[in-house]
Amino acid sequence: TGKTLLAQAVAGEAGVPFFSISGSEFVEMFVGMGASRVRDLFKQAKEKAPCIVFIDEIDAIGKKRDANFGGNDEREQTLNQLLSEMDGFEDGIGVVILAATNRPDSLDKALLRPGRFDRRVPVELPDLNGREAILKVHTKGVNVDQNIDYNQVARATSGASGAELANIVNEAALRAVRLGRKKVLQEDLEESVETVIAGYQRKGAVINEREKKIIAYHEVGHALVAAMGKHSAPVHKITIIPRTSGALGYTMQVDEEEKVLMSKEEALDKITTYTGGRAAEEVIFNTKTSGASNDIEMATRFARSMVTRFGMDDEFGMVALETVNNAYLGGDTSLACSPETSTNIDKAVIKIINDCHQRAIDILNENIDKLHEIAGYLLQNETITGEEFMDILDNNYIITKKADFVEASQQLESAIRADLENN
């Protein structure tokens, strides 16, 4: 998220010497070396004062000391030396100590008391405005088109860190060069977003016709269910081009604005959208494929969070049944309830997913003509934009000429019916 970068920026703004060292550099095989290095570091800092000392990944030496004496003498000696050095500074010596960690919950309480690391600065992932500004910074040294819509790219990269955004700009520049252009266009940035999220296109992948039809209906199922949900993000793109991440196709949704809260209705719409792909397979082909595995995983995770963490289930109400162990690294959770309650949680999660799945099936049955129509267009073009999708859905046919694909859609529908009858 840029913690080290922020420390460097502080040193640059202050215009003073900057001492940077990683916490793991204090850890040695020989007892006493870590403490010796701490003394050397602070001795140099005092000589160069005023200055800034920055310790990266301080959890390597600053973890909580346990009650078992002799658990890790070397690390504890290093920590004790660090604590005494931080206490030993005289007033007005002009040495500021910064440290960075991804695990603030694991640090020793003595490190965090007033007079030591007494100010905590959370460095979160950038918000919408932050992502837009970061993209502009990284495109300064790149020849980009004047009409680039940075806001749209920023909206499509929710949850991306600064490093990932820099990678997106780099991928866009490489794509422009590969295509023989001297400027980066909007389409380059949009494709690079998908490359970072889902991997490169595998245009050489061989997929038989029946599976291609299933993938097309699967993705249109997601999009159609999302479009019919009142609280769903608009569909931005649908594609059935396989990616190196293993995805055989995907439906991309982009919120029109940044959101920090999720309502119960939005959560249910999201789960319903996840189940839309499997629902389309069942409605059209009367089958179930392994292509929905990731959708099932995501839907289950959301439904479980609704019950155990968000208090959105009527039976359990506002009770925290699950705790997040480390919000900064992975966010693994652990249940904090009895085995009987755990069984009831599983039943509640299954009910939420089954209800959403049935809702997705009902939506697709009500709009089955549009499902065939959009799937036919997708099979012809492999990728369709959100505008094209809505154009067909709203019966406008301004962007998409109906005559070009409606016959193909009818033939596709007839072929699927014949295939089902034969099997």
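This is a predicted model: local features need pLDDT of at least 70, side-chain atom pairs count only at pLDDT 80 or more; totals for chains, interfaces and linings use all residues.
Me: What makes residues 293-308 a helix, and how does the span of H10 stand against the expected one?
Reply: Helices (H or I, at least four residues) and strands (E, at least two) are DSSP runs, numbered from the N terminus. Helix H10 has 16 residues. The expected span is 1.5 Å times one less than the number of residues, and H10 reaches 22 Å from its first C-alpha to its last, close to the 22 Å expected.

Me: Which helices and strands do the buried residues of H10 pack against?
Reply: The buried residues of H10 include Asp295, Ala299, Phe302 and Met306, where buried means under 20% relative accessible area, exposed over 50%, and partly exposed in between (1.4 Å probe, protein chains only). These buried residues of H10 pack against helices H8, H9 and H11 and against strands E6 and E7, with contact meaning heavy atoms within 4.5 Å.

Me: Why is isoleucine 361 called buried?
Reply: Isoleucine 361, which lies in helix H11, has a relative accessible area of 16% and therefore counts as buried. Leaving aside neighbours within four places in sequence, isoleucine 361 is in contact with Ala279, Glu282 and Val283, and its C-alpha atom is separated by 9.8 Å from that of glutamate 281, 80 residues apart along the chain.

Me: What makes a set of residues a nonpolar core, and which residues have the most contacts inside the largest one?
Reply: A nonpolar core is a set of buried Ala, Val, Leu, Ile, Met, Phe, Trp, Tyr and Cys residues joined through side-chain atoms within 4.5 Å. The largest such core has 32 residues, and those with the most contacts inside it are Tyr217, Ile374 and Phe389. Among the elements that give two or more residues to this core are H8, strand E4 (235-239), H9 and helix H14 (402-422), and H8 gives the most, with nine residues. Phenylalanine 389 touches residues including Ala223, Leu224, Val235 and Ile374, not counting those up to four places away in sequence. A second, separate core of 22 residues includes Cys51, Leu82, Leu107 and Leu111.

Me: Why are strands E1 and E3 said to stand at the edges of their sheet?
Reply: Two strands pair if DSSP finds at least two bridges between them. The three strands form an open sheet in the order E1-E2-E3, with parallel pairing. Strand E1 (18-22) and strand E3 (95-99) each have a single partner strand, so one side of each is left without a neighbour in the sheet.

Me: How do you know that E2 and E3 pair?
Reply: Strand E2 (residues 51-56) and E3 are joined in the parallel sense over five bridges, against the at least two bridges that DSSP must find. The bridge partner of valine 53 in E3 is isoleucine 97. Helix H1 (residues 3-14) packs on this sheet, touching E1, E2 and E3, and its direction makes about 175 degrees with that of E2; axes are lines fitted to C-alpha atoms, for helices over the stretch in contact, and angles run from 0 to 180 degrees between N-to-C directions.

Me: What makes the pair of phenylalanine 18 and phenylalanine 54 stacked?
Reply: Rings of Phe, Tyr and Trp (its six-membered ring) pair if their centres lie within 6.5 Å, and planes under 30 degrees apart count as stacked, over 60 as edge-to-face and the rest as tilted. The rings of phenylalanine 18 and phenylalanine 54 are 6.1 Å centre to centre with 15 degrees between the planes, and the pair is stacked. Phenylalanine 18 lies in strand E1 and phenylalanine 54 in strand E2, so the pair ties together parts that are 36 residues apart in sequence. At 29% relative accessibility phenylalanine 18 counts as partly exposed, whereas phenylalanine 54, at 2%, counts as buried.

Me: Why is the pair of tyrosine 217 and phenylalanine 285 called edge-to-face?
Reply: Their ring centres are 5.5 Å apart and their planes stand at 80 degrees, so the pair of tyrosine 217 and phenylalanine 285 is edge-to-face. Tyrosine 217 counts as buried at 0% relative accessibility, and phenylalanine 285 counts as buried at 3%.

Definitions and conventions. Residues are numbered from 1 along each chain as its sequence is written. Side-chain values use heavy atoms; hydrogens and water are left out.
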